[in-house]
Amino acid sequence: MSKPRIILTGDRPTGRLHIGHYVGSLRRRVQLQDEGDYQQMYVFIADAQALTDNMDNPEKVRQNVVEVALDYLSVGLDPEKCCIYIQSQIPELCELTFYFMDLVTVSRLQRNPTVKTEIQMRGFSGESIPVGFFTYPISQAADITAFDATTIPVGEDQKPMIEQTCEIVRRFNYIYGDTLVEPTILLPDNAACLRLPGTDGKAKMSKSLGNCIYLSDPADVLKKKVMSMYTDPLHVHVEDPGHLEGNTVFTYLDAFSRPEHFGMYWPEYQNLDELKEHYTRGGLGDMKVKKFLLKILEETLAPIRERRAEYQKDIPAVYEMLRKGSEQAREKAAQTLDRVRKAMKIDYFNDAELIRQQQEAFRNM
Ligand code: TRP
(Lines give C-alpha, C1' and ligand atoms only; values in the text may rest on other atoms or scores of the structure.)
Protein backbone atom coordinates (compact mmCIF):
# COMPACT_ATOMS: atom_id res chain seq x y z
CA MET A 1 0.00 0.00 0.00
CA SER A 2 1.31 3.43 -0.82
CA LYS A 3 1.90 6.07 1.81
CA PRO A 4 -1.22 8.01 2.79
CA ARG A 5 -1.11 11.17 0.77
CA ILE A 6 -2.91 14.38 1.45
CA ILE A 7 -3.05 16.52 -1.65
CA LEU A 8 -3.66 20.24 -1.30
CA THR A 9 -3.55 23.22 -3.59
CA GLY A 10 -5.26 26.53 -4.23
CA ASP A 11 -5.62 29.53 -6.48
CA ARG A 12 -6.10 33.23 -5.93
CA PRO A 13 -9.46 34.44 -7.19
CA THR A 14 -8.24 37.40 -9.20
CA GLY A 15 -9.70 36.27 -12.52
CA ARG A 16 -11.00 33.31 -14.44
CA LEU A 17 -8.52 30.47 -14.76
CA HIS A 18 -6.64 30.08 -18.05
CA ILE A 19 -4.92 27.29 -19.94
CA GLY A 20 -1.65 28.08 -18.13
CA HIS A 21 -3.39 27.07 -14.90
CA TYR A 22 -4.76 24.04 -16.71
CA VAL A 23 -1.45 22.53 -17.86
CA GLY A 24 0.41 23.83 -14.82
CA SER A 25 -1.82 22.24 -12.22
CA LEU A 26 -5.55 21.74 -12.91
CA ARG A 27 -5.10 18.83 -15.33
CA ARG A 28 -2.84 17.11 -12.81
CA ARG A 29 -5.33 17.62 -9.99
CA VAL A 30 -8.11 15.96 -11.92
CA GLN A 31 -5.78 13.07 -12.75
CA LEU A 32 -4.78 12.68 -9.12
CA GLN A 33 -8.40 12.88 -8.07
CA ASP A 34 -9.45 10.18 -10.50
CA GLU A 35 -6.55 7.87 -9.67
CA GLY A 36 -7.81 7.98 -6.10
CA ASP A 37 -4.41 7.22 -4.59
CA TYR A 38 -4.74 9.57 -1.66
CA GLN A 39 -6.27 9.85 1.74
CA GLN A 40 -7.75 13.27 1.18
CA MET A 41 -7.65 15.98 -1.44
CA TYR A 42 -8.18 19.67 -0.73
CA VAL A 43 -8.54 22.42 -3.29
CA PHE A 44 -9.22 25.93 -2.10
CA ILE A 45 -9.88 29.44 -3.29
CA ALA A 46 -7.26 31.72 -1.72
CA ASP A 47 -9.43 34.82 -1.29
CA ALA A 48 -7.55 36.08 1.76
CA GLN A 49 -4.27 35.81 -0.09
CA ALA A 50 -5.80 37.61 -3.09
CA LEU A 51 -6.74 40.46 -0.74
CA THR A 52 -3.10 40.97 0.28
CA ASP A 53 -2.59 42.93 -2.92
CA ASN A 54 -6.21 43.72 -3.76
CA MET A 55 -7.22 45.16 -0.41
CA ASP A 56 -8.92 48.09 -2.11
CA ASN A 57 -10.86 45.88 -4.51
CA PRO A 58 -12.89 43.41 -2.46
CA GLU A 59 -15.63 43.27 -5.09
CA LYS A 60 -13.18 41.91 -7.65
CA VAL A 61 -12.11 39.15 -5.29
CA ARG A 62 -15.70 38.35 -4.38
CA GLN A 63 -16.82 38.10 -8.01
CA ASN A 64 -13.94 35.84 -8.88
CA VAL A 65 -14.55 33.34 -6.08
CA VAL A 66 -17.49 31.91 -7.97
CA GLU A 67 -15.63 32.10 -11.29
CA VAL A 68 -12.80 29.98 -9.91
CA ALA A 69 -15.27 27.56 -8.33
CA LEU A 70 -16.96 27.20 -11.73
CA ASP A 71 -13.59 26.63 -13.38
CA TYR A 72 -12.81 23.90 -10.84
CA LEU A 73 -16.08 22.12 -11.43
CA SER A 74 -15.88 22.44 -15.17
CA VAL A 75 -12.41 20.91 -15.48
CA GLY A 76 -13.78 17.94 -13.59
CA LEU A 77 -12.95 18.43 -9.92
CA ASP A 78 -15.65 16.52 -8.11
CA PRO A 79 -16.82 17.72 -4.68
CA GLU A 80 -17.61 14.11 -3.81
CA LYS A 81 -13.94 13.21 -4.14
CA CYS A 82 -12.23 16.44 -3.28
CA CYS A 83 -12.95 19.05 -0.64
CA ILE A 84 -13.33 22.47 -2.25
CA TYR A 85 -13.39 25.45 0.13
CA ILE A 86 -12.74 29.14 0.62
CA GLN A 87 -9.61 30.14 2.55
CA SER A 88 -11.11 33.02 4.53
CA GLN A 89 -13.76 30.71 5.99
CA ILE A 90 -11.10 28.82 7.96
CA PRO A 91 -10.14 31.19 10.82
CA GLU A 92 -7.75 28.55 12.19
CA LEU A 93 -5.42 29.55 9.34
CA CYS A 94 -5.01 33.03 10.85
CA GLU A 95 -4.14 31.56 14.19
CA LEU A 96 -1.53 29.26 12.73
CA THR A 97 -0.07 32.12 10.68
CA PHE A 98 0.26 34.17 13.86
CA TYR A 99 2.33 31.45 15.53
CA PHE A 100 4.44 30.85 12.43
CA MET A 101 5.34 34.54 12.31
CA ASP A 102 7.60 33.95 15.30
CA LEU A 103 9.62 31.45 13.30
CA VAL A 104 10.48 33.53 10.23
CA THR A 105 12.82 36.50 9.93
CA VAL A 106 12.24 39.64 7.92
CA SER A 107 15.39 38.99 5.90
CA ARG A 108 14.27 35.47 5.01
CA LEU A 109 11.04 36.89 3.58
CA GLN A 110 12.98 39.55 1.69
CA ARG A 111 14.96 36.77 0.04
CA ASN A 112 11.87 34.86 -1.14
CA PRO A 113 12.21 35.06 -4.95
CA THR A 114 8.48 34.96 -5.65
CA VAL A 115 7.78 37.79 -3.23
CA LYS A 116 10.67 39.75 -4.73
CA THR A 117 9.31 39.45 -8.29
CA GLU A 118 5.76 40.18 -7.22
CA ILE A 119 6.84 43.29 -5.34
CA GLN A 120 8.56 44.49 -8.49
CA MET A 121 5.63 43.63 -10.74
CA ARG A 122 3.23 45.55 -8.55
CA GLY A 123 5.54 48.50 -8.25
CA PHE A 124 5.58 48.37 -4.44
CA SER A 125 8.50 50.17 -2.85
CA GLY A 126 10.02 49.76 0.60
CA GLU A 127 7.55 52.27 1.99
CA SER A 128 4.44 50.85 0.34
CA ILE A 129 4.68 47.08 0.75
CA PRO A 130 1.68 45.97 2.81
CA VAL A 131 2.76 43.77 5.72
CA GLY A 132 0.11 41.20 4.83
CA PHE A 133 1.45 40.95 1.31
CA PHE A 134 5.06 40.75 2.47
CA THR A 135 4.22 37.94 4.87
CA TYR A 136 1.88 35.91 2.69
CA PRO A 137 4.43 33.07 2.34
CA ILE A 138 3.90 32.52 6.07
CA SER A 139 0.17 32.32 5.68
CA GLN A 140 0.67 29.99 2.74
CA ALA A 141 2.68 27.72 5.05
CA ALA A 142 -0.35 27.70 7.33
CA ASP A 143 -2.64 26.88 4.38
CA ILE A 144 -0.56 23.79 3.74
CA THR A 145 0.33 22.54 7.21
CA ALA A 146 -3.11 23.02 8.76
CA PHE A 147 -4.21 20.11 6.56
CA ASP A 148 -1.13 17.90 7.05
CA ALA A 149 -0.69 18.14 3.29
CA THR A 150 2.03 15.94 1.83
CA THR A 151 1.70 16.72 -1.85
CA ILE A 152 1.25 20.15 -3.45
CA PRO A 153 0.55 20.17 -7.20
CA VAL A 154 1.42 23.71 -8.30
CA GLY A 155 3.32 25.62 -10.95
CA GLU A 156 7.02 26.30 -10.78
CA ASP A 157 6.51 29.85 -9.47
CA GLN A 158 5.28 28.35 -6.20
CA LYS A 159 8.52 26.48 -5.50
CA PRO A 160 9.93 29.15 -3.16
CA MET A 161 6.66 29.02 -1.18
CA ILE A 162 6.92 25.29 -0.62
CA GLU A 163 10.59 25.62 0.32
CA GLN A 164 9.75 28.28 2.86
CA THR A 165 6.93 26.10 4.21
CA CYS A 166 9.37 23.22 4.71
CA GLU A 167 11.74 25.49 6.62
CA ILE A 168 8.92 26.61 8.90
CA VAL A 169 7.87 23.00 9.51
CA ARG A 170 11.42 21.96 10.36
CA ARG A 171 11.86 24.87 12.73
CA PHE A 172 8.50 24.28 14.37
CA ASN A 173 9.16 20.58 14.85
CA TYR A 174 12.66 21.25 16.15
CA ILE A 175 11.43 23.67 18.80
CA TYR A 176 8.07 22.18 19.76
CA GLY A 177 8.51 18.50 18.88
CA ASP A 178 7.34 16.51 15.90
CA THR A 179 3.95 18.02 15.08
CA LEU A 180 3.72 19.18 11.47
CA VAL A 181 4.15 17.46 8.12
CA GLU A 182 6.71 18.60 5.55
CA PRO A 183 5.12 18.85 2.10
CA THR A 184 6.62 18.09 -1.29
CA ILE A 185 5.90 20.01 -4.45
CA LEU A 186 4.50 18.17 -7.46
CA LEU A 187 5.57 19.96 -10.64
CA PRO A 188 4.33 19.24 -14.16
CA ASP A 189 6.69 16.80 -15.87
CA ASN A 190 6.71 18.62 -19.19
CA ALA A 191 8.84 21.77 -19.50
CA ALA A 192 6.21 23.53 -21.63
CA CYS A 193 3.69 23.11 -18.82
CA LEU A 194 5.95 24.56 -16.15
CA ARG A 195 5.51 28.08 -17.38
CA LEU A 196 3.18 28.38 -20.32
CA PRO A 197 3.88 31.60 -22.24
CA GLY A 198 1.09 33.96 -23.24
CA THR A 199 -0.29 34.03 -26.78
CA ASP A 200 2.02 36.99 -27.48
CA GLY A 201 5.08 34.84 -26.69
CA LYS A 202 5.85 36.93 -23.62
CA ALA A 203 7.15 35.25 -20.51
CA LYS A 204 4.03 34.11 -18.74
CA MET A 205 0.35 33.91 -19.41
CA SER A 206 -1.16 36.55 -17.17
CA LYS A 207 -4.29 38.58 -17.04
CA SER A 208 -2.46 41.87 -16.64
CA LEU A 209 -0.60 41.27 -19.94
CA GLY A 210 -3.85 40.44 -21.78
CA ASN A 211 -2.28 37.35 -23.35
CA CYS A 212 -4.46 34.62 -21.85
CA ILE A 213 -6.64 31.91 -23.27
CA TYR A 214 -9.30 31.36 -20.63
CA LEU A 215 -10.87 27.97 -19.98
CA SER A 216 -14.21 29.68 -20.42
CA ASP A 217 -13.41 31.44 -23.72
CA PRO A 218 -16.14 30.76 -26.33
CA ALA A 219 -15.08 28.88 -29.48
CA ASP A 220 -14.89 32.02 -31.65
CA VAL A 221 -12.70 33.85 -29.12
CA LEU A 222 -10.42 30.83 -28.86
CA LYS A 223 -10.09 30.74 -32.64
CA LYS A 224 -9.22 34.41 -32.87
CA LYS A 225 -6.60 34.11 -30.14
CA VAL A 226 -4.95 31.03 -31.67
CA MET A 227 -4.90 32.47 -35.18
CA SER A 228 -3.14 35.63 -34.01
CA MET A 229 -0.60 33.84 -31.83
CA TYR A 230 3.06 34.72 -31.84
CA THR A 231 5.21 32.27 -33.85
CA ASP A 232 8.58 32.87 -35.47
CA PRO A 233 9.21 36.40 -36.78
CA LEU A 234 11.91 35.05 -39.13
CA HIS A 235 9.49 32.64 -40.76
CA VAL A 236 8.20 35.08 -43.38
CA HIS A 237 7.61 32.81 -46.37
CA VAL A 238 6.30 29.27 -46.18
CA GLU A 239 9.51 27.90 -47.66
CA ASP A 240 11.71 29.64 -45.03
CA PRO A 241 13.11 27.41 -42.32
CA GLY A 242 11.12 27.92 -39.11
CA HIS A 243 12.42 28.15 -35.55
CA LEU A 244 10.92 26.31 -32.60
CA GLU A 245 12.73 28.20 -29.85
CA GLY A 246 10.30 30.73 -28.39
CA ASN A 247 7.63 29.72 -30.91
CA THR A 248 4.50 29.81 -28.83
CA VAL A 249 2.44 27.60 -31.14
CA PHE A 250 4.95 24.80 -30.74
CA THR A 251 5.22 25.35 -27.00
CA TYR A 252 1.44 24.91 -26.78
CA LEU A 253 1.70 21.76 -28.91
CA ASP A 254 4.31 20.45 -26.45
CA ALA A 255 1.84 21.10 -23.64
CA PHE A 256 -1.37 19.87 -25.26
CA SER A 257 -0.76 17.47 -28.13
CA ARG A 258 -0.88 13.72 -27.77
CA PRO A 259 0.28 11.15 -30.34
CA GLU A 260 -3.31 10.23 -31.23
CA HIS A 261 -4.06 13.81 -32.28
CA PHE A 262 -1.96 13.25 -35.39
CA GLY A 263 -3.99 10.27 -36.52
CA MET A 264 -7.19 12.20 -35.84
CA TYR A 265 -6.38 15.63 -37.22
CA TRP A 266 -3.19 15.52 -39.27
CA PRO A 267 -2.29 12.02 -40.49
CA GLU A 268 0.48 13.38 -42.76
CA TYR A 269 2.65 13.33 -39.65
CA GLN A 270 3.23 10.47 -37.23
CA ASN A 271 4.08 12.63 -34.27
CA LEU A 272 5.20 16.04 -33.03
CA ASP A 273 8.85 15.37 -33.82
CA GLU A 274 8.06 14.84 -37.49
CA LEU A 275 6.00 18.01 -37.59
CA LYS A 276 8.79 19.99 -35.94
CA GLU A 277 11.29 18.53 -38.36
CA HIS A 278 9.27 19.72 -41.36
CA TYR A 279 8.76 23.15 -39.85
CA THR A 280 12.46 23.69 -39.19
CA ARG A 281 13.37 22.35 -42.64
CA GLY A 282 11.02 24.91 -44.22
CA GLY A 283 7.96 24.53 -46.40
CA LEU A 284 5.35 24.43 -43.67
CA GLY A 285 3.21 27.50 -43.05
CA ASP A 286 2.23 28.83 -39.62
CA MET A 287 -1.47 28.83 -40.49
CA LYS A 288 -1.56 25.06 -40.94
CA VAL A 289 0.14 24.51 -37.60
CA LYS A 290 -2.21 26.96 -35.92
CA LYS A 291 -5.25 25.18 -37.33
CA PHE A 292 -3.95 21.91 -35.93
CA LEU A 293 -3.36 23.50 -32.52
CA LEU A 294 -6.85 24.99 -32.62
CA LYS A 295 -8.39 21.55 -33.16
CA ILE A 296 -6.51 20.15 -30.19
CA LEU A 297 -7.40 23.08 -27.93
CA GLU A 298 -11.02 22.96 -29.02
CA GLU A 299 -11.13 19.24 -28.23
CA THR A 300 -9.75 19.96 -24.75
CA LEU A 301 -11.79 23.06 -23.99
CA ALA A 302 -15.19 22.23 -25.50
CA PRO A 303 -16.20 19.76 -22.76
CA ILE A 304 -14.94 22.18 -20.09
CA ARG A 305 -17.01 24.99 -21.61
CA GLU A 306 -20.10 22.78 -21.78
CA ARG A 307 -19.81 21.69 -18.17
CA ARG A 308 -19.37 25.33 -17.13
CA ALA A 309 -22.60 26.26 -18.90
CA GLU A 310 -24.40 23.56 -16.91
CA TYR A 311 -23.00 24.63 -13.52
CA GLN A 312 -23.70 28.30 -14.26
CA LYS A 313 -27.41 27.47 -14.28
CA ASP A 314 -27.37 26.76 -10.56
CA ILE A 315 -25.14 29.23 -8.73
CA PRO A 316 -26.80 28.63 -5.32
CA ALA A 317 -25.70 24.99 -5.63
CA VAL A 318 -22.13 26.11 -6.28
CA TYR A 319 -22.20 28.22 -3.09
CA GLU A 320 -23.72 25.35 -1.14
CA MET A 321 -20.90 23.09 -2.33
CA LEU A 322 -18.36 25.70 -1.15
CA ARG A 323 -20.09 26.08 2.19
CA LYS A 324 -20.06 22.36 2.85
CA GLY A 325 -16.44 22.08 1.73
CA SER A 326 -15.44 24.95 4.01
CA GLU A 327 -17.18 23.32 6.96
CA GLN A 328 -15.40 20.03 6.36
CA ALA A 329 -12.04 21.75 5.87
CA ARG A 330 -12.51 23.70 9.06
CA GLU A 331 -12.92 20.52 11.08
CA LYS A 332 -9.59 19.23 9.86
CA ALA A 333 -7.80 22.53 10.49
CA ALA A 334 -9.26 22.69 14.01
CA GLN A 335 -7.81 19.26 14.80
CA THR A 336 -4.37 20.36 13.63
CA LEU A 337 -4.61 23.53 15.70
CA ASP A 338 -5.38 21.46 18.80
CA ARG A 339 -2.13 19.59 18.19
CA VAL A 340 -0.24 22.83 17.56
CA ARG A 341 -1.49 24.52 20.75
CA LYS A 342 -0.59 21.46 22.77
CA ALA A 343 2.93 21.34 21.27
CA MET A 344 3.36 25.08 21.94
CA LYS A 345 2.12 24.72 25.51
CA ILE A 346 -0.78 27.09 25.04
CA ASP A 347 -3.58 24.60 25.61
CA TYR A 348 -4.10 25.71 29.24
CA PHE A 349 -7.60 24.46 29.80
CA ASN A 350 -7.02 20.98 28.40
CA ASP A 351 -4.15 20.20 30.69
CA ALA A 352 -5.43 19.03 34.05
CA GLU A 353 -1.96 17.74 34.91
CA LEU A 354 -0.43 21.21 34.46
CA ILE A 355 -2.94 22.75 36.83
CA ARG A 356 -2.43 19.99 39.39
CA GLN A 357 1.38 20.30 39.26
CA GLN A 358 1.29 24.06 39.61
CA GLN A 359 -1.07 23.78 42.54
CA GLU A 360 1.36 21.35 44.11
CA ALA A 361 4.30 23.68 43.53
CA PHE A 362 2.53 26.68 45.07
CA ARG A 363 1.43 24.64 48.03
CA ASN A 364 5.05 23.68 48.73
CA MET A 365 6.38 27.22 48.48
N1 TRP B 1 0.02 31.29 -4.03
C2 TRP B 1 -0.88 30.50 -4.83
C3 TRP B 1 -1.15 31.24 -6.13
O4 TRP B 1 -0.67 32.33 -6.33
C5 TRP B 1 -2.19 30.23 -4.13
C6 TRP B 1 -2.02 29.50 -2.84
C7 TRP B 1 -2.26 30.00 -1.59
C8 TRP B 1 -1.59 28.15 -2.66
N9 TRP B 1 -2.00 29.06 -0.65
C10 TRP B 1 -1.59 27.91 -1.26
C11 TRP B 1 -1.21 27.12 -3.52
C12 TRP B 1 -1.20 26.68 -0.71
C13 TRP B 1 -0.82 25.89 -2.98
C14 TRP B 1 -0.81 25.68 -1.58
O15 TRP B 1 -1.85 30.74 -6.98
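Q: How far does a polar side-chain atom of D143 lie from a nitrogen atom of the ligand?

A: This is a predicted model, in which local features need pLDDT of at least 70 and side-chain atom pairs count only at pLDDT 80 or more, while totals for chains, interfaces and linings use all residues. Residues are numbered from 1 along each chain as its sequence is written, and side-chain values use heavy atoms, with hydrogens and water left out. A polar contact with the ligand is a pair of N or O atoms within 3.5 Å; here a polar side-chain atom of D143 lies 2.8 Å from a ligand nitrogen. A nitrogen atom of the ligand is also 2.8 Å from an N or O atom in the side chain of Q49, and for the side chain of Q158 the distance to a ligand nitrogen is 3.0 Å.

Q: How much of the ligand's accessible area does the protein cover?

A: Accessible area comes from the Shrake-Rupley method with a 1.4 Å probe, and the protein covers 91% of the 360 Å² that the ligand has on its own.

Q: Which element gives the largest share of the shell around the ligand?

A: Helices (H or I, at least four residues) and strands (E, at least two) are DSSP runs, numbered from the N terminus. The largest share, four residues, comes from β1.

Key. Polar contact = N/O pair within 3.5 Å; in protein donor to acceptor, adjacent residues only side chain to side chain.
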